[in-house]
Amino acid sequence: MDKSAYACYGTSTAPPTNKAPYCKGNLSHARCSTAPWNVIIRMRSTQLATDVFRCITDRFAKRNRDIELLIHQGYSFEEWLNWEAFLACNAISRWRASGRPQYRFIGVKASKDYADLMVEHGDTRVIAEVGHILGGTQSEWIKKLEHDKLKLGQIAAGRSTATLQVIVLASSDPNKPAWLPRLKCWQCATTLKTTIKFQGGCKMIVRGWSRHR
């Protein structure tokens with residue numbers, strides 16, 4: 001996909017037809033021309049989160065051979081996915097991507113935690129956490145993935161910010177982990193989802209949940 005497709009506003013490039021409506025910088029879009037400014041900002045940050053999710057999943061699809069090799073090793077490769085997500089977003093010239101930003105610098109003063117990714121574009125930004133579930137992952141990962149959601153929920157409202165939690169289920173086993181129904185964040189409805197199938201029989205299910213702060 002053309003990199004410009006991820007620049008959701010402030011350009012003359014029309015978005016792909018499967019994308020949600022967006023706001024141009026000159027507010028010429030029908031939904032934006034009479035909308036209050038706070039609504040416009042919210043639309044921009046929400047669209048940026050959607051674009052970040054699609055950018056990341058496009059990158060994963062292109063790295064299918066490497067991912068399938070890693071799946072067969074039987075160990076978590078979450079950190080690798082985090083940096084692939086950063087590299088994907090960093091390749092978009094209109095975005096400013098930062099890997100491992102500290103929460104205390106993005107509105108959670110007392111926190112010692114790090115997010116996985118921050119993407120800024122104009123007056124909006126997205127803070128993201130990327131989690132990984134392998135076919136043999138044990139239920140103790142529920143706590144970690146739910147904690148990712150809690151960390152994102154601590155970000156204070158103010159600057160136009162959207163949070164994005166991404167969970168990657170990658171496995172060579174057609175059966176999902178038995179504990180997955182207990183993972184509350186996975187059960188939440190979302191339109192941000194895709195399935196990537198590999199030639200060797202492995203499969204990757206990627207879901208994302210975005211919220212405007």
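Trainee: Which residues are linked in a network of salt bridges?

Mentor: Side chains of opposite charge can pair when their charged atoms come close. A salt bridge here is a side-chain nitrogen of Lys or Arg within 4 Å of a carboxyl oxygen of Asp or Glu. In this structure the network links Glu78, Glu129, Lys144, Asp148 and Lys151. Note that this is a predicted model, where local features need pLDDT of at least 70, side-chain atom pairs count only at pLDDT 80 or more, and totals for chains, interfaces and linings use all residues. Residues are numbered from 1 along each chain as its sequence is written, and side-chain values use heavy atoms, with hydrogens and water left out.

Trainee: How many salt bridges does a search of the whole structure find?

Mentor: The search finds ten. One of them joins arginine 59 to glutamate 84, with the closest N and O atoms 2.7 Å apart. This pair links distant parts of the chain, since arginine 59 lies in helix 1 and glutamate 84 in helix 3 (residues 78–90), 25 residues apart. Helices (H or I, at least four residues) and strands (E, at least two) are DSSP runs, numbered from the N terminus.

Trainee: Is glutamate 84 buried or exposed?

Mentor: Buried means under 20% relative accessible area, exposed over 50%, and partly exposed in between (1.4 Å probe, protein chains only). Glutamate 84 has a relative accessible area of 5%, so it counts as buried.

Trainee: What is the N to O distance between aspartate 116 and arginine 100?

Mentor: Their side chains meet in a salt bridge at 3.2 Å. Both residues are in the loop between strand 1 (96–99) and strand 2 (117–121), 16 residues apart. Aspartate 116 is buried, at 6% relative accessibility, whereas arginine 100 is partly exposed, at 33%.

Trainee: Which residues is serine 45 in contact with, leaving aside its neighbours within four places in sequence?

Mentor: Contact means heavy atoms within 4.5 Å. On that basis serine 45 touches Thr124, Val126, Ser160, Thr161, Ala162 and His212. Serine 45 is found in helix 1 (residues 37–62), and is buried because its relative accessible area is 0%. Its C-alpha atom is separated by 9.0 Å from that of threonine 163, 118 residues apart along the chain.
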